Amino acid sequence: MATLSAVLATTHHPFYYKATELTPPEEQMPQAAEWKAKVEAYRATLTAAEPELLVMVGSDHFHQFFYDNYPTFLIGKQARYDATFSNEIREFGMPTYELEGHEELSGFMLRGLLERGFDFSVSNELKIDHSIICPIITTRPAGDLPIVPIYTNIFAPPLPSPKRFYELGRAIREIIEEFPSDKRVAAIGSGHLSLELGGPRMFEEHGPDPEWDVQAIEWLATGNIEAILENVTWESMSASGNATPGFLDLILMLGIAGPEQAAYVDDLDLYHTREMYMTWYPGGDPREKRGASSAVVSEEARA
């Protein structure tokens, strides 16, 4: 059976590559060096798990799905995936990728999800946008591992409940561990903390709800799914920013990890959002086995 070697949950910021790689050092934002150092430290948490295959969770930003036809849950099943979209290249300076797929695991997972009551759509012509490419850039920039992409609806209400996202994560965990293979699989998902896109609270000094961000990080880091299900609703997320329901994908990743303490937690308060980096190791922390340092938890996340 396959081994789930790591679960990573992160925000996805499309300006990261441009801010740290494409902009000359003398013109970079003040936090660029710190941002790059945090991302490289986070990347090491995936490298330590020695994955051979990636299950990637993200959402389409109205590039190929729209309000008239937006699947609730979708899995890609194809040999290769193109990325990224022209507006992401134009606006964010994002690189293009051609990622290898893993049709066998995609098919196995689709069947397993249907058997567990999750009515998934499937695509044989899916193109990948920055919800998946941003984590590729930050955690596996070589793009050298096969992927199984899973897209969720976090934009077009009505949305599934936080509980449903968590349950989907638990199902994905079961299916990965039942997959008849000796592969080491890592699950990487990206979403949002409090975030405003195109609204009146966009591009302010901090994210639209810094207090909510700190609380949300603590819930995830401690595996406190009870508090999440008690406090997180469409209304509470929307009150913290019109794109904050992207937090649902981070709940999904907690479902894959299980209600466990994260092995690695870090964050960065940027000028209009808070970035978050979190890793769980279901089979134990490989860094400890190699004498590596223990988990990093920011003081603000502990508060």
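The model is predicted, so local features need pLDDT of at least 70 and side-chain atom pairs count only at pLDDT 80 or more, while totals for chains, interfaces and linings use all residues. Residues are numbered from 1 along each chain as its sequence is written, and side-chain values use heavy atoms, without hydrogens or water.

**Helix 2 and helix 5**
- Helix 2 (residues 32-49) packs against helix 5 (residues 130-139) at an angle of about 90°, with the axes 8 Å apart.
- The two helices, helix 2 and helix 5, are therefore roughly perpendicular (65 to 115 degrees).
- Val39, Tyr42, Arg43 and Leu46 of helix 2 meet Ile137, Thr138 and Thr139 of helix 5 (heavy atoms within 4.5 Å).
- This contact of helix 2 with helix 5 has 4 nonpolar, 2 polar and 1 charged residues.

**Helix 6 and helix 10**
- The axes of helix 6 (residues 162-178) and helix 10 (residues 247-257) come within 7 Å and cross at roughly 40°.
- That angle makes helix 6 oblique to helix 10.
- The crossing of helix 6 with helix 10 is right-handed.
- Residues of helix 6 that meet helix 10 include Phe165, Leu168 and Ile172; among their counterparts in helix 10 are Leu248, Ile251 and Leu252.
- By class, the contact of helix 6 with helix 10 has 11 nonpolar, 2 polar and 3 charged residues.

**Glutamate 196**
- Glutamate 196 lies in the loop between strand 8 (184-191) and helix 7 (210-221).
- With 5% relative accessibility, glutamate 196 counts as buried (under 20% relative accessible area, 1.4 Å probe, protein chains only).
- A polar atom of the glutamate 196 side chain lies 3.1 Å from the backbone nitrogen of asparagine 242.

Notes
Axes fitted to C-alpha atoms, helices over the stretch in contact; angles between N-to-C directions. Helix = DSSP H or I, 4+ residues; strand = E, 2+ residues; numbered from the N terminus. Parallel < 35°, antiparallel > 145°, perpendicular 65-115°, else oblique. Nonpolar A, V, L, I, M, F, W, Y, C, P; charged D, E, K, R; others polar. Buried < 20%, exposed > 50% of the residue type's maximum accessible area, 1.4 Å probe, protein only. Polar contact = N/O pair within 3.5 Å; in protein donor to acceptor, adjacent residues only side chain to side chain. Left-handed = near helix turned anticlockwise from the far one by under 90°.
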